[in-house]
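Work through the exercises below with the sequence and the structure side by side. Each task is followed by its solution.

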Amino acid sequence: MVSFRESQTAKNILLSYSAETQARTRYDFYATQAKDDGFIQIGKLFTETAEQEYEHALRFFKFFNGGKLSISGTFPAGVIEDTHSNLLQSAELELYVHDELYAVFAKTAEEEGFARAADTFHAINVAEKSHEIMFTELADNLVTGRVFKRDTVVTWKLRMGSRFGCALTNPHLKAPGCTYSARCSNVFSPAMPVSILLPRRYWKPCNVTRLSDGQ
Ligand SMILES: [Fe+2]
Ligand SMILES: [Fe+2]
């Protein structure tokens, strides 16, 4: 069995570390752009995804114990565009990462006998798949006018640490006890489906159950 330092898996992990650190920084750029474009909740989702990429980078980095290793890779060379374009570009890159990078890297790690590395690639690949789905849905929401409005009643999550949300088609229509006015609806986002991708500590469903629209 080849030593880890001389394996293809070691190079793949360092390449993955590079990809994760760049994704983390890029999503921070896109978060700022989303807020500039008026999409606060999309900006926060970019920021939260950036935090997850940081954790992925950390997991890869911890495979090494010093020294240097040469790798070669291809990475995005810009540009920061409008939020819709940034979402599409992010979804495309996540698809590439989980289909063409980590899936292959996991197989290589298994073939070289590095089970922990293979497990790590498989585990992180689940997150990358969920990122792709989320970015695709958010881009679609922008095109179809679903960022702040839904055809059916859904629970809206208040993204400012409050304990309540509103079960409405549109957070402009306030639920009882909601102290946020219509002009603040940008701080809401639909609880489903993207909330299931977020850490539980950010997700506090309200006690208001399925109110009729407009109540
Ligand atoms: Fe990642
Ligand atoms: Fe990702």
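A residue counts as buried if 20 or more other C-beta atoms lie within 10 Å of its own. The model is predicted.

**Exercise 1.** State what share of the residues in the protein is buried, and list the order of the elements.

Solution. Of the 215 residues in the protein, 33% are buried. The secondary structure consists of four helices and three strands. Read from the N terminus, the order is α-α-α-α-β-β-β.

**Exercise 2.** Check whether the end-to-end distance of helix 3 agrees with its number of residues.

Solution. Helix 3 covers residues 83–112, which is 30 residues. The expected span is 1.5 Å times one less than the number of residues, so helix 3 should span 44 Å. Its end C-alpha atoms are 41 Å apart, which agrees. Next, look along the helix: a kink of about 35° is centred on Val97. Just after helix 3, Gly113 has a positive phi of about 90°.

**Exercise 3.** Find the residues with the most contacts inside the largest nonpolar core, and the elements that give two or more residues to this core.

Solution. The largest nonpolar core has 32 residues, and Phe46, Phe121 and Leu138 have the most contacts inside it. Helix 1 (8–36), helix 2 (40–61), helix 3 and helix 4 (115–144) each give two or more residues to this core. Helix 1 gives the most, with nine residues. Now take Phe46: leaving aside neighbours within four places in sequence, Phe46 is in contact with Tyr27, Tyr30, Ala31 and Ala34.

**Exercise 4.** What percentage of the contacts with a separation of 6 or more joins residues 24 or more positions apart?

Solution. Such pairs account for 70% of these contacts in the protein.

Note on methods: Residues are numbered from 1 along each chain as its sequence is written. Chains are lettered from A and ligands numbered from 1 in the order in which they are written. This is a predicted model: local features need pLDDT of at least 70, side-chain atom pairs count only at pLDDT 80 or more; totals for chains, interfaces and linings use all residues. The bend at a residue is the angle between axes fitted to the seven residues ending there and the seven starting there. A residue is buried if 20 or more other C-beta atoms lie within 10 Å of its own, exposed if 12 or fewer, and partly exposed in between; C-beta atoms are placed from the backbone. Two residues are in contact if their C-beta atoms, placed from the backbone, lie within 7 Å. A nonpolar core is a set of buried Ala, Val, Leu, Ile, Met, Phe, Trp, Tyr and Cys residues joined through C-beta atoms within 7 Å.
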